[in-house]
Amino acid sequence: MTGMPRAVIVCPGRGSYTAASLGSLPADHPIVPRAEQLRSEYGLEPLLELDGVPRFDPARHLRPANASPLIFLTSLLDAEQAAADHSITAVIGNSLGWYSALAVAGALPFDDAFRLVQEMAIFQEEALGDGGQGGQVIYPLLDAEWAPVPDLRAAVSDVLTDGPGTGGRVFESIDLGGYVVLAGDERGVAHLLDRLPPVRIGERLVALRLALHGPYHTPLVEHVAELAADRLGNLRWQRPTVTLIDGRGACWSPWSTDPGALRDYTLGEQVTTPFRFAVSLRVALREHAPDVLVLPGPGNSLGGICGQLVVIEGYRGIRTRAEFEETQRSTAPVVLSMRR
Amino acid sequence: MTFDRVAIVEQALDGYLAQAIPGVASLSPDAPLRAGSSSTARRAVELFEDQVTSRAVDVAARELKKTNRSFYTISSAGHENNAVLGALLRITDPAFLHYRSGGLFMARARQLPGSTPAFDALLGVVASRDEPIAQGRHKVWGSRPLWMPPQTSTIASHLPKAMGLAFSLARARRLGIAGGLPSDAVVLCSFGDASANHATALSAINTARYAVRIGLPMPILFVCEDNRTGISVPTPEGWIADTFANQPHLRYMLAEGEIDQIWDTAAQAVHYVRSARQPAFLHLPTVRLWGHAGSDAEHAYRSAAEIAQNEAGDPLLRNARRLIETGGATPDELIALVEDARQRVMAAAEEATRRPRLETTQEVVAPMAPYHPARVAERASHPVLPAGERTMAFSGALPEDATAPTARTLAGNLNAALTDELARRPELILFGQDVARKGGVYNVTNGLQKRFGAGRVFDTLLDETSILGIAQGAAHIGLLPLPEIQYLAYIHNALDQLRGEAATLQFFSSGQFRNPMVVRVPGLAYQKGFGGHFHNDNSVGALRDIPGLVLAVPARGDDAARMLRGAIAMAAEDGRVVVFLEPIALYHEKDLHAEGDGGWLTDYPPPPAHLLPGEPGIYEIDGSPSPDLLIVSYANGLRLSLQAQRRLAADHGVLARVLDLRWLNPLPTESLRQQTGQVSAVLVVDECRRTGAGVADSIIADLAESGATQRLTSVRAVDSFVPLGPATSTVLVGTEQVVAAALAAVGERASAAS
């Protein structure tokens with residue numbers, strides 16, 4: 001193991017599978033057919049079929065029940081590849097990426113991890129099914145040079161404090177460091193989109209509602225946790241083979257992890273309380289000080305977000321966007337994205 | 001013999017693990033490590049992780065030292081069994097820790113997800129500004145979210161405040177102030193065996209026991225980490241047990257043996273303190289590896305055999321063996337665990353060296369003496385009590401409404417001002433020896449206990465260290481203490497409680513912890529020959545020397561009332577530590593120039609009137625706008641100066657303006673410079689001893705350095721202890737002396753100009 005770069009694996013979340021991700025799955029890798037076999041039990045269309053179509057269809061590809069396993073499988077295969085030439089010191093993930101991380105770190109056998117991902121996605125769809133059950137809205141906290149903009153933070157704080165009024169609810173959902181993901185019921189989402197001052201990022205104006213995303217990591221999805229407790233009680237949780245850092249920044253080591261506690265967190269607190277990806281990455285950078293952050297696919301949705309967090313942290317002395325980009329062009333980049 | 005004992009100890013563990021044979025049967029992680037123990041195998045592995053991480057931090061600190069990239073090498077190596085306390089106590093149990101608390105810190109931080117204890121500790125050893133509590137001002141074990149006020153002391157001076165916090169917990173709750181702590185919180189306070197001999201340690205333990213004796217709760221766990229050595233001096237065999245095992249009102253427990261036995265004993269101790277609300281003394285034998293610090297050459301005072309024998313007691317080695325022999329872990333698991341910790345900690349250490357350090361004076365001193373005058377003024381003016389409540393606090397008669405006479409003494413004004421403050425600020429508590437039932441030696445606190453109850457106004461035992469310890473502990477959880485030290489000379493008995501502890505808290509916690517307080521101290525001389533030197537001490541040098549400490553010295557009653565409000569507001573708003581020095585000889589003085597003139601009595605200024613530093617008092621003889629001379633003074637000296645002012649005008653035609661400093665720290669430097677510009681000579685009348693005991697040196701130096709061309713001169717007390725009886729006048733400044741010095745200053749100036 002020594003001699004290889006020390007790496008933290010960072011698994012992406014639900015927004016990571018995009019048009020560019022089509023054709024990610026290697027049909028010849030043995031876990032792909034196994035996944036297809038497991039998936040067939042749910043009567044859902046085969047992943048290879050979804051992954052193999054020539055045109056990306058948002059309604060089809062972004063469905064939780066489709067996107068989640070596609071992302072999970074891609075991440076898992078990429079992470080396996082990364083492990084061949086890195087010494088993995090810790091694994092983290094963002095939101096759905098936490099489930100991928102569990103599999104990468106061996107805290108669940110493949111079959112059980114797949115079931116977790118697939119069924120959680122189905123539970124989420126059940127919630128979305130009635131329509132109007134709320135969603136997530138992403139909003140930036142930094143300027144184009146990745147310096148904090150206090151007014152944006154203040155706007156977020158205001159919009160959370162000064163809620164949407166009777167019948168509406170808003171919450172913090174995911175802390176990405178450079179961005180925050182807020183969530184709410186439909187009235188809450190409308191309030192967020194209405195009240196957050198628009199910010200131009202590239203060609204887009206945000207706040208932006210995330211397509212086909214529910215109000216994850218909030219009390220609004222309490223029923224998902226209940227379903228999980230009810231239907232996923234028999235997953236075979238075990239101690240991970242490498243340290244996991246969860247969405248609170250708690251560490252789960254290969255030697256002292258209580259698998260029952262890991263299950264309780266994953267199916268409970270993790271579902272209904274804010275997922276603090278920024279904290280988990282900060283803990284990884286500080287307590288593990290890796291040579292590199294390896295980002296498995298699909299896509300590179302966490303590339304910029306990890307870059308921002310590196311800058312916020314001042315990791316390896318990198319304190320600006322320009323310094324980060326310069327490091328990325330060097331022979332020792334701090335973020336290694338496996339896909340683009 | 002090699003001196004790289006770090007490598008030897010590391011190799012001993014590695015060597016053991018490499019050849020260790022797995023236990024006969026593996027233990028379920030949820031099974032107790034030993035039948036009947038409350039420590040499971042998993043818990044023991046968790047502790048081992050924390051201990052190994054702590055050890056890796058110590059190794060990294062020494063490694064970085066080789067290239068001068070770390071600045072602190074006092075390690076926790078050999079003390080890591082204190083991790084059990086990190087796991088057994090809650091993060092809402094305030095912890096005041098020994099400097100070898102790495103294991104404890106790692107285990108405690110585990111309770112708060114998102115913590116980065118190894119990196120935080122490394123940031124400390126490299127003195128980085130990113131270190132979350134002290135920001136590089138010292139290597140400490142501290143954390144706001146983990147309720148660990150940072151300790152820098154190596155001389156047990158943190159025990160009194162830990163005791164003080166335990167003393168204050170229930171009291172604060174009764175006053176509706178919980179400081180965010182639950183009702184069953186306990187205080188943890190750890191220290192070494194050699195430190196247990198310090199007066200401060202003995203004082204705190206004594207007061208803890210005393211509290212039990214008088215029926216007060218005292219939920220504190222004293223932990224003595226006994227490595228049987230104080231730097232190079234061995235602690236006598238059995239000393240700690242012999243000294244502390246049989247003290248009344250102190251439950252002694254010895255946590256020895258295997259890690260699970262240590263765990264069980266510590267668990268019992270914690271349970272005892274939490275449920276009985278009484279103090280316990282947990283004796284935790286440890287070993288000290290690698291000398292006192294990196295610079296300590298242990299072989300100079302210990303034989304090679306002794307060093308090796310000590311190292312054989314390495315708790316990591318022993319705990320690894322215990323885990324393997326019980327089947328709680330396999331050798332391979334522990335090898336991987338150790339390797340993982342070493343790798344990530346060494347990498348984190350390199351990262352820590354890249355983090356920024358404090359670079360400017362401004363950055364360093366920023367949290368030391370915060371002062372926001374506008375907010376302090378606002379705080380001094382509020383809250384305003386409804387008239388009815390205020391009247392009730394004064395038993396129906398407001399002091400400003402008094403008739404025949406309207407004016408009061410200094411003591412009377414202070415008593416009224418304390419009444420007003422206690423009435424409008426529920427977080428205030430007032431205590432010290434004799435302040436409650438007796439009402440103070442000089443009646444300044446007369447009637448306050450009756451009005452505000454024994455929960456807020458109470459007598460303490462006669463121990464200045466504990467009085468200031470109680471003040472600090474109470475202030476940590478949101479009370480605003482007004483402790484009284486009975487005489488100025490007595491403060492020296494406990495000065496380090498102000499100097500090394502109270503005044504440093506904001507500095508070393510970057511303002512995250514504070515212990516606001518106003519310490520009332522009757523003092524200075526001129527008690528008409530009464531009392532001798534202990535009751536007539538005339539030195540404030542030791543107080544003025546403390547960075548950030550505010551020193552208020554009122555002379556007149558109306559000033560005293562207004563300054564007290566300013567002092568309390570500075571404490572409340574900016575967390576400042578204020579010493580409020582009250583001139584005893586002026587407490588009951590009525591007259592200024594002649595017997596019966598009532599010139600030293602003043603009307604009581606009701607709230608919100610207040611005074612803040614930088615606001616001196618100016619006294620002129622009516623109709624003399626262009627003085628010849630500025631006389632600068634304070635306290636008793638003000639009265640002498642005012643007497644001299646009248647005689648200079650009447651007998652010599654010399655016009656003097658008198659300036660009362662009011663605050664001796666910080667000095668009203670701007671006013672002094674400005675006033676000096678309007679005269680031809682300055683005379684400082686300093687009633688403290690000539691050599692550095694007062695403020696004359698500072699004032700004259702500042703004026704000289706600021707380019708003043710005026711004649712600068714002073715009169716001061718003689719460098720002597722104050723004698724008993726009429727002989728006092730031979731060493732203290734008198735009015736005649738002030739007049740003579742003033743004439744000399746003006747005269748010389750006049751002749752130099754002609």
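What percentage of the 340 residues in chain A is made up of buried residues? Buried residues account for 52% of chain A, a residue being buried if 20 or more other C-beta atoms, placed from the backbone, lie within 10 Å of its own, exposed if 12 or fewer do, and partly exposed in between. This is a predicted model, in which local features need pLDDT of at least 70 and side-chain atom pairs count only at pLDDT 80 or more, while totals for chains, interfaces and linings use all residues. Residues are numbered from 1 along each chain as its sequence is written, and chains are lettered from A and ligands numbered from 1 in the order in which they are written.

**View 1. Chain A as a whole.** The secondary structure of chain A comprises 13 helices and twelve strands, where helices (H or I, at least four residues) and strands (E, at least two) are DSSP runs numbered from the N terminus. Its radius of gyration is 19 Å, close to the 20 Å that the globule rule gives for 340 residues, so chain A is as compact as a globular protein of that length; the radius is taken over C-alpha atoms, and the rule is 2.2 Å times the number of residues to the power 0.38. The C-alpha trace of chain A spans about 50 × 50 × 45 Å along its principal axes. Of the contacts in chain A between residues at least 6 apart in sequence, 75% join residues at least 24 apart, two residues being in contact if their C-beta atoms, placed from the backbone, lie within 7 Å.

**View 2. Chain B as a whole.** Chain B has 27 helices and 19 strands. With a radius of gyration of 30 Å, close to the 27 Å given by the globule rule for 754 residues, chain B is as compact as a globular protein of that length. Along its principal axes the C-alpha trace of chain B extends over about 105 × 60 × 45 Å. Buried residues make up 55% of its 754 residues, and among contacts in chain B between residues at least 6 apart in sequence, 78% join residues at least 24 apart.

**View 3. The side of chain B that touches chain A.** Here 20 residues of chain B are in contact with 19 residues of chain A. Helices α2 (41–65), α5 (117–125) and α12 (331–353) of chain B each supply at least two residues of this side of chain B, and α12(B) gives the most, with eight residues. By class, the side of chain B that touches chain A has eight nonpolar, three polar and nine charged residues; Ala, Val, Leu, Ile, Met, Phe, Trp, Tyr, Cys and Pro count as nonpolar, Asp, Glu, Lys and Arg as charged, and the others, Gly among them, as polar.

**View 4. Packing of α2(B) with α5(B).** The axes of α2(B) and α5(B) come within 10 Å and cross at roughly 25°, the axes being lines fitted to C-alpha atoms over the stretch in contact and the angles running from 0 to 180 degrees between N-to-C directions. That makes α2(B) roughly parallel to α5(B), since angles under 35 degrees count as roughly parallel, over 145 as roughly antiparallel, 65 to 115 as roughly perpendicular and the rest as oblique. The crossing of α2(B) past α5(B) is right-handed; a crossing is right-handed if the near helix is turned clockwise from the far one by less than a right angle, and left-handed if anticlockwise. B:Thr53, B:Val57, B:Ala60, B:Ala61 and B:Leu64 in α2(B) meet B:Ala118, B:Ala121, B:Leu122 and B:Val125 in α5(B), and the residues of this contact divide into eight nonpolar, one polar and no charged.

**View 5. Packing of α6(B) with α7(B).** Helix α6 (residues 159–174) and helix α7 (residues 199–213) of chain B pack at an angle of about 20°, with their axes 8 Å apart, and are therefore roughly parallel to each other. The crossing of α6(B) past α7(B) is left-handed. The residues that meet include B:Met163 and B:Phe167 in α6(B) and B:Thr207 and B:Ala211 in α7(B); by class, the contact has nine nonpolar, three polar and no charged residues.

View 6. Most residues other than glycine have a negative phi, and most peptide bonds are trans. B:Trp147 has a positive phi of about 50° although it is not a glycine, and B:Ala156 likewise has a positive phi of about 60°. B:Trp147 lies in the loop between α5 and α6 of chain B and counts as buried, with 23 C-beta neighbours inside 10 Å; B:Ala156 lies in the loop between α5 and α6 of chain B and counts as buried, with 24 such neighbours. A cis peptide bond with omega of about 20° joins A:Val206 and A:Ala207.
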